[in-house]
Amino acid sequence: MTPQELDSLFVCLESKNNTTRYKAFQTLLNETEKKISWIYDKWDILVKKLTDENSFQRSIGVMLLANLAKSDTEKKFNLLIEDYLLRIHDEKFITARQCIQNTWKIAVENKAWCRKVITALEHSYYENVHNKTHANLIKLDVLTSLNEIFRQTGDKKIHVQILSFIEEENDAKIKKQLQKALLQ
């Protein structure tokens, strides 16, 4: 990808046109599935998106930054991780979910980040701002993310914690959903 193409995509991320913005986002999401070299050229733009007033922009920042964790050779996430994890409790349900669903990508790149992510996910399981209305989805996302961290790291303590969460679940329907999700 040329610098001009990259710049064009980042301009399109700001578009008010949903189709234009989404196509640019999907292109960047696919591009960042692998390690990339341009991370620091666009780092500040993406960090700023985490606190944008527009939830679409916050979601874009959350997902692209998670994908970029593998490219962060300068470990700038050390300075960002706390602010990033605040999006787990974003006022918009979809942004909170997208953060929870993508945090595992950060966790598997660095042991210090991993511990912070796991702690934030465990806290979110019980205390997420959206648990009053969407507890089953939040809990499912948390356990799915924790399970991916377990799969990537092999840390058996994470697996034990996941099983503990499921075991203590009182709602039989949610318990069954959680168990089913972990078998996938």
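Predicted model: local features only at pLDDT ≥ 70, side-chain atom pairs only at ≥ 80, totals over all residues.
Between which two helices is the loop that holds Lys75 found? Lys75 sits between helix H4 (55-68) and helix H5 (77-86).

**Cysteines**
- The number of disulfides in the structure is zero.
- For Cys99, the closest cysteine sulfur belongs to Cys114 and is 15 Å away, too far for a bond, because a disulfide needs two cysteine sulfur atoms within 2.5 Å.
- Cys99 has a relative accessible area of 0% and is therefore buried, the cut-off for that class being under 20%.
- Cys12 has a relative accessibility of 23%, so Cys12 counts as partly exposed.

**Asp141**
- When neighbours within four places in sequence are left aside, the contacts of Asp141 are Arg97, Ile100 and Gln101.

**Lys75**
- Most residues other than glycine have a negative phi.
- Lys75 belongs to a loop, with helix H4 (55-68) on one side and helix H5 (77-86) on the other.
- With a relative accessibility of 33%, Lys75 counts as partly exposed, because 33% falls between the cut-offs of 20% and 50%.

Terms used:
Residues numbered from 1 in each chain as written. Heavy atoms only, no water. Buried < 20%, exposed > 50% of the residue type's maximum accessible area, 1.4 Å probe, protein only. Contact = heavy atoms within 4.5 Å. Helix = DSSP H or I, 4+ residues; strand = E, 2+ residues; numbered from the N terminus.
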